[in-house]
Amino acid sequence: MPDSAPSQTLTFRCPAELYGVLPPPTRASLGLPDWLKTMPGQAFNAINLREENTVKRCPPFIDAMTSGFLIPLMCDLRFENGEITWDNELPPGGSVSFTRSPIGFHDASQVTGTPLFEADRFLIKFHNLWTIEAPEGYAVLFTHPFNRHDLPFTTLTGIVDCDRYHDNWIHFPAHWHDVNFCGVLPKGTPIAQCIPVKRENWTAHTAPFTEEETQRAHDLTNRIQREPGFYRRQLRA
């Protein structure tokens, strides 16, 4: 297998009085949902009439979910009859002021002309009280936690130059798509996944297969079919 890439560090900071109070960002590999842990590795395919691997054994699916870091919800949110309430027992602010609310709202006018626009609905905004500093030359991609379709919201995707912008908060707008949700969204629920992205200029090149490339593609396809788990054992970084 290829050698691992050298280690880099994302630095997450919060006001001193909140350190140990706020749930900290975690490696995405430590925040996998229970449904993934308990689902079977194989299931019966009624079309092919045989047991076949589920997404639990799909390396690209798992690698996406375990990449980068997860930003957690700072406290429980209760949803009932269209109202959102919370108890957020944060200590008083010190030399740095910070919002005490776990969520805010964006007026629908801010997404006018997008598929998210609904005249009578706000977009929510998850507040995050961790600043994020990336190494020089790196931005950070913030997006909805990968493959977390079970969550009742969808976090919007954005990229922030966190090597330059690292002394202020980054909050996360989200579309609340489960209008029938009633209950508690618990403290620690992942509200965003963040992945460092090196700033580089890329160009696209297209070309037809050469004879050698055609043979390589043919050989690899056949080997993957003959040897279950070949990609995971031999090609996965």
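Predicted model: local features only at pLDDT ≥ 70, side-chain atom pairs only at ≥ 80, totals over all residues.
1. **Largest pocket.** The volume of the largest pocket is about 540 Å³. Its lining consists of 17 residues. Nearest the pocket centre lie Pro6, Ser7, Gln8, Phe69 and Pro196.

2. **Make-up of the lining.** Strand β16 (residues 190-198) supplies the largest share of the lining, with four residues. By class, nine lining residues are nonpolar, six are polar and two are charged.

3. **Salt bridges overall.** Side chains of opposite charge can pair when their charged atoms come close. The count for this model is 11 salt bridges.

4. **Arg199 and Asp163.** These two side chains form a salt bridge, at 2.5 Å from N to O. Arg199 sits in the loop between β16 and α3 (211-226), and Asp163 in the loop between β13 (158-160) and β14 (172-176), so the pair ties together parts that are 36 residues apart in sequence. Asp163 is buried, at 9% relative accessible area, because the cut-off for buried is under 20%. Arg199 is partly exposed, at 32%.

5. **Glu52 and Arg50.** The closest N and O atoms of this salt bridge are 2.7 Å apart. Glu52 is partly exposed, with a relative accessible area of 22%.

6. **Glu227 and Arg223.** Here the side chains meet in a salt bridge at 2.9 Å, N to O. Both partners are partly exposed: Glu227 has 24% relative accessibility, and Arg223 has 35%.

7. **Positive phi values.** Most residues other than glycine have a negative phi. Asn81 has a positive phi, near 55 degrees. Asn81 is placed in the loop between β6 (77-80) and β7 (83-85). With 74% relative accessibility, Asn81 is exposed. Asn147 also has a positive phi, of about 65 degrees. Its loop runs between β11 (138-143) and β12 (153-155). Is Asn147 buried or partly exposed? Asn147 is partly exposed, at 22% relative accessible area.

8. **Pro24.** This residue is in the loop between β1 (11-13) and β2 (26-27). Pro24 is partly exposed, at 48% relative accessibility. Neighbours within four places in sequence aside, Pro24 is in contact with Pro72 and Trp130. How far apart are the C-alpha atoms of Pro24 and Gln215? They are separated by 49 Å, and the two residues are 191 residues apart along the chain.

Technical notes:
Residues numbered from 1 in each chain as written. Heavy atoms only, no water. 1 Å grid on protein atoms, 1.4 Å probe; cavity = no way out; pocket = protein on both sides within 12 Å on 5 of 7 lines; lining within 4 Å. Points joined across faces, edges and corners; volume = space filled by probe spheres on them. Helix = DSSP H or I, 4+ residues; strand = E, 2+ residues; numbered from the N terminus. Nonpolar A, V, L, I, M, F, W, Y, C, P; charged D, E, K, R; others polar. Buried < 20%, exposed > 50% of the residue type's maximum accessible area, 1.4 Å probe, protein only. Contact = heavy atoms within 4.5 Å. Salt bridge = Lys/Arg side-chain N within 4 Å of Asp/Glu carboxyl O.
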